[in-house]
Amino acid sequence: MKTFARILVLIAGIAMICLGIWFVFHPGISLLSFTLFIGILMLIVGVFQIIQYFSHRSGQKVSGWILAEGILSVLLGILLLADQLEGTVTLVLVFGMWVLFAGIMRTIGAFAAKNENVQGWGWILTLGILGIVLGFISLFNPIVGAIGIVIIVGTFFIVQGINCIATFFFVGKLK
């Protein structure tokens, strides 16, 4: 990796760590910013899915589900962008449902792993039950869900920033 690229990786790592720390210590504005970002992203993805459906349906068999997903993505993107406060509440509720669903699936998977005599299925069960509990808490107390989103996103940025800085130092030693 060239020196310029390594320096960019280092700068990106430092920026991600700073952004992650900012996310964790400024949860309100961070969540609104995240809602804006997700809204823009969903709008763009939805438009591309709709374009993909109409541009490929004559030459290939394209599923109508692509069109449906595109329309739904555009509508959700507009919802998130039209009223950021309502969009944030929606995002928090979707997060709670996602955590609940993931916990249920993990719990089911744990019992399937137990039936297959997989070691460590108890850990999977524990994580599943924890997910179910956290999902219910997020659904019935949206503030906890909002804090959960901010902490997860902030932690993700911090971990990725550390990864970039480690890459900067590791790649430098390869020469």
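Me: What is the radius of gyration of the chain, and what would a compact globule of 175 residues have?
Reply: The chain has 21 Å, while a compact globule of 175 residues would have a radius of gyration near 16 Å. The radius is taken over C-alpha atoms, and the globule rule is 2.2 Å times the number of residues to the power 0.38. This is a predicted model, where local features need pLDDT of at least 70, side-chain atom pairs count only at pLDDT 80 or more, and totals for chains, interfaces and linings use all residues. Residues are numbered from 1 along each chain as its sequence is written, and side-chain values use heavy atoms, with hydrogens and water left out.

Me: What box do the C-alpha atoms fill?
Reply: Roughly 50 × 50 × 40 Å, taken along the principal axes.

Me: How many helices and strands are there?
Reply: Six helices and zero strands. Helices (H or I, at least four residues) and strands (E, at least two) are DSSP runs, numbered from the N terminus.

Me: Which residues does UniProt list as "transmembrane region"?
Reply: The unreviewed UniProt entry lists 7–25, 31–51, 63–82, 88–108, 120–140 and 146–171. UniProt positions are given in the numbering used here, feature names are shortened, and annotations may be inferred rather than shown by experiment.

Me: How far apart are the end C-alpha atoms of residues 31–51?
Reply: They lie 30 Å apart, and that span is 100% helix. For residues 88–108 the end C-alpha atoms also lie 30 Å apart, again with 100% helix.

Me: Now α4. How many residues does it have, and how far does it reach?
Reply: Helix α4 covers residues 84–115, which is 32 residues, and reaches 46 Å from its first C-alpha to its last. That is close to the 46 Å expected at 1.5 Å a residue; the expected span is 1.5 Å times one less than the number of residues.

Me: Which residues of α4 are buried?
Reply: Among them are Thr-88, Leu-91, Val-92, Phe-95, Val-99 and Leu-100. Buried means under 20% relative accessible area, exposed over 50%, partly exposed in between (1.4 Å probe, protein chains only). An α-helix has 3.6 residues a turn, so residues three or four places apart point the same way.

Me: And what comes just after α4?
Reply: Asn-117, with a positive phi of about 60°.

Me: What does Ser-30 touch?
Reply: Trp-22 and Phe-23, not counting residues up to four places away in sequence. Contact means heavy atoms within 4.5 Å.
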